[in-house]
Amino acid sequence: ANTGTDPLQADTDGDGVIDGVEVTDDTDPNDPFYYRKTQAFAFTGSFQSFTVPAGVTRVSFVLQGADGANFQGGQPWFVNGGQGGTVRGTLTVTSGQILRLGVGGGGSGNLGGWNGGGSDPFNRGGGGGGATDIFLSTTDWANLVAIAGGGSGGNARDGFGGNDAGNGGNNGTPLVGSDGDGGGGGGGYF
């Protein structure tokens, strides 16, 4: 067990986890890079909740938007969908706070993925991937904290790559998505 710190002191090493929690979990309360617990969220087709554990004041995250669907229109009309955007960041949180997370679904055929992926009713392109996002408390747009856009679907007319989906945030900058062979990459915002 680690000793030499006051378990009641808020956060000796400034890593966002109070000393008492780190001592209980047998991690080093003097090392800001030592305490790391991860939780992954997979696609479910609905929003999921995360309750901030006791003693935690910061949460780091990596969001990945879903990929757009490839378009298969016969030779030579095979065009890849775009990759979903990626956003990384750290939130200041309070113990017991509830975060709502939506993990985007990938485009399938000409249908868009869950959480905002666009569909092509004319079947001339692949469906777009859904966004992956974090909200504070409720999923009202006013509570949106971060979003990684889904990639666009491949298009029979060879679409162009996408640019960022956001206008920048107070705690970060928008990310430019990568290009698929046909579909644009997803952007991001934090």
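The model is predicted. The protein contains one helix and nine strands, and along the sequence these elements follow the pattern α-β-β-β-β-β-β-β-β-β. Of the 190 residues in the protein, 41% are buried.

**Overall picture**

- Among the contacts in the protein with a separation of 6 or more, 58% are accounted for by residues 24 or more positions apart.
- The protein exposes about 10,200 Å², and carbon and sulfur atoms supply 50% of that area.

**The sheet**

- Five strands form an open sheet in the order β1-β6-β7-β8-β9, and their pairing is antiparallel.
- The edge strands of this sheet are β1, which covers residues 48–51, and β9, which covers residues 188–189, each of them pairing on one side only.
- Ala148 has Gly188 in β9 as its bridge partner.
- As background, the strands of a sheet pair through backbone hydrogen bonds, in either a parallel or an antiparallel manner.

**The nonpolar core**

- The largest nonpolar core has 15 residues, and those with the most contacts inside it are Phe50, Phe61, Leu63, Leu91, Val93 and Ile134.
- Two or more residues of this core come from each of the elements β2 (58–64), β5 (86–92), β6 (98–102) and β8 (144–148).
- In soluble globular proteins, nonpolar side chains tend to be buried together.
- Leu63, one of the core residues with the most contacts inside it, also shows which parts of the chain meet here: leaving aside its neighbours within four places in sequence, Leu63 is in contact with Gly85, Thr86, Val87, Thr132, Asp133, Ile134, Ala146, Ile147 and Ala148.

- The structure holds five aromatic pairs.
- One of them joins Phe41 and Phe50 in an edge-to-face arrangement, with 6.3 Å centre to centre and 90° between the planes.
- Within that pair, Phe41 counts as partly exposed because its relative accessibility is 24%, whereas Phe50 counts as buried because its relative accessibility is 16%, the cut-off for buried being under 20%.
- Phe47 and Phe135 form another edge-to-face pair, with 5.8 Å centre to centre and 80° between the planes.
- Phe47 lies in the loop between α1 (19–24) and β1, and Phe135 lies in strand β7 (residues 132–136), so this pair ties together parts that are 88 residues apart in sequence.
- Phe47 is partly exposed, with a relative accessible area of 26%, while Phe135 is buried at 2% relative accessibility.
- Ring pairs also link Phe43, Phe47, Trp114, Phe135 and Trp141 into a cluster.

**A glycine in a loop**

- Gly81 is found in the loop between β4 (78–79) and β5, and with a relative accessible area of 12% Gly81 is buried.
- Gly81 and Gly126 are 45 residues apart along the chain, and their C-alpha atoms are separated by 6.8 Å.

Definitions and conventions
Residues numbered from 1 in each chain as written. Predicted model: local features only at pLDDT ≥ 70, side-chain atom pairs only at ≥ 80, totals over all residues. Heavy atoms only, no water. Core = buried A, V, L, I, M, F, W, Y, C linked by side-chain atoms within 4.5 Å. Buried < 20%, exposed > 50% of the residue type's maximum accessible area, 1.4 Å probe, protein only. Helix = DSSP H or I, 4+ residues; strand = E, 2+ residues; numbered from the N terminus. Contact = heavy atoms within 4.5 Å. Pairing = 2+ DSSP bridges. Areas by Shrake-Rupley, 256 points an atom, 1.4 Å probe, with all protein chains shown as cover. Phe/Tyr/Trp six-rings, centres within 6.5 Å; stacked < 30°, edge-to-face > 60°.
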